[in-house]
Structures are given as structure tokens and as C-alpha cells.
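Colleague: I am new to this structure. Please take one part and look at it closely, after a word on the whole.

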Amino acid sequence: MTEPDLDALFEAADVVRRRAHAPYSGFRVGAALVDEAGHIHAGCNVENAAYPVGTCAEAGAIAAMIAAGGRRIRAILVQADSPEPVTPCGACRQRIREFAGPGTPIHSAGLDGLRSHYTLEQLLPASFGPEHLVHGA
Ligand code: THU
């Protein structure tokens, strides 16, 4: 992506991260992705008093994309207030895998800006995906 596009992803993630519901961890996360039509969708983590029910920012961004009619992730950015770059958890790597290819960029950002850059293949090598399912007639 060009820098202005990455700036737009960063801004979208920053806006929703502030709205995160993270009273238990105190760790607010925002995720923003761009779909095949160039539209940006964002989501934040939504925690729950029943801890395992909480959802990650990436899951929210993907749900927003699907609800809006998007079907492919061209790039995704995750932003958190953390000294180390935050990458998607294992479950979210698989969630991204459903709608992305091996070369799809996954960007990690702090509040100050971009920190590190990966591809889906780097974060989830030799992965399982939709094409492995063989449907019978
Ligand atoms: N979290 C995300 O939303 N995305 C990530 O990539 C890492 C972790 C959330 C889940 C939980 O609400 C909080 O961060 C602490 O794990």
C-alpha cells in the first residue's frame, strides 16, 4: 500500500481503539483493513465479564467488512498502546486467513505510528484454508 493508504488505516484503527471496551485487561486494540474495493473497515476489542466471551479487534474489523459486502482483505493494520509491536493472536491469524492470501500485508502500529510489517505467510505459515475443504457432490 502507498503511505497515504497506510495513514488512512492507521487513523481508522486509532479512532476505534479509543472506543474499545477493555475494562478487564486495560489493553485497547484497534484494527483496520482495506477490502478489495478499497473500502476501510475497522473494529476494536470488546471484552466481557465472562472473560472468554470477549472478542478481538481483528474479529470486529472482519465482521464489519463482511456486513458491508466486502469479501477480501487487501491489508490489515493492528494498533495498540504497547511498547512492543502487537501482532494478531493465533485465532485472529486464522480469521484473517479466511479472507486473505499468503502475501497479504499485516501491519503493526503503536500510538506513535507504524512499528513492523509482516505478511500473512510469515505469521501463519503452512496454513489451513478454505481451499483445503473438498465438498462432495
Ligand atoms: N487483543 C486484540 O484485540 N487483538 C490482538 O491482536 C491482541 C489482543 C485484545 C484481546 C483482549 O481484549 C486484550 O487485547 C488483551 O489480550
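Modeller: Of the chain's 137 residues, 43% count as buried. Keep in mind that this is a predicted model. The chain holds four helices and five strands. Read from the N terminus, the elements go α-β-β-α-β-α-β-β-α. The C-alpha trace spans about 50 × 40 × 30 Å along its principal axes. Take contacts between residues at least 6 apart in sequence: 61% of them join residues at least 24 apart.

Now the close look, at a pair of helices. Helix α2 covers residues 57-68, and helix α3 covers residues 90-97. The two pack with their axes 9 Å apart, at an angle of about 20 degrees. Angles under 35 degrees count as roughly parallel, and α2 and α3 are therefore roughly parallel to each other. The crossing of α2 past α3 is left-handed.

Which residues make the contact? From α2 come E58, A59 and I62. From α3 come C92, R95 and I96. By type, the residues of this contact of α2 with α3 divide into four nonpolar and two charged, with no polar ones. Nonpolar here takes in Ala, Ile and Cys, while Glu and Arg count as charged. That places A59, I62, C92 and I96 on the nonpolar side. E58 and R95 are the charged residues of the contact.

Note on methods: Residues are numbered from 1 along each chain as its sequence is written. This is a predicted model: local features need pLDDT of at least 70, side-chain atom pairs count only at pLDDT 80 or more; totals for chains, interfaces and linings use all residues. Side-chain values use heavy atoms; hydrogens and water are left out. Axes are lines fitted to C-alpha atoms, for helices over the stretch in contact, and angles run from 0 to 180 degrees between N-to-C directions. Angles under 35 degrees count as roughly parallel, over 145 as roughly antiparallel, 65 to 115 as roughly perpendicular and the rest as oblique. A crossing is left-handed if the near helix is turned anticlockwise from the far one by less than a right angle, and right-handed if clockwise. Contact means heavy atoms within 4.5 Å. Buried means under 20% relative accessible area, exposed over 50%, partly exposed in between (1.4 Å probe, protein chains only).
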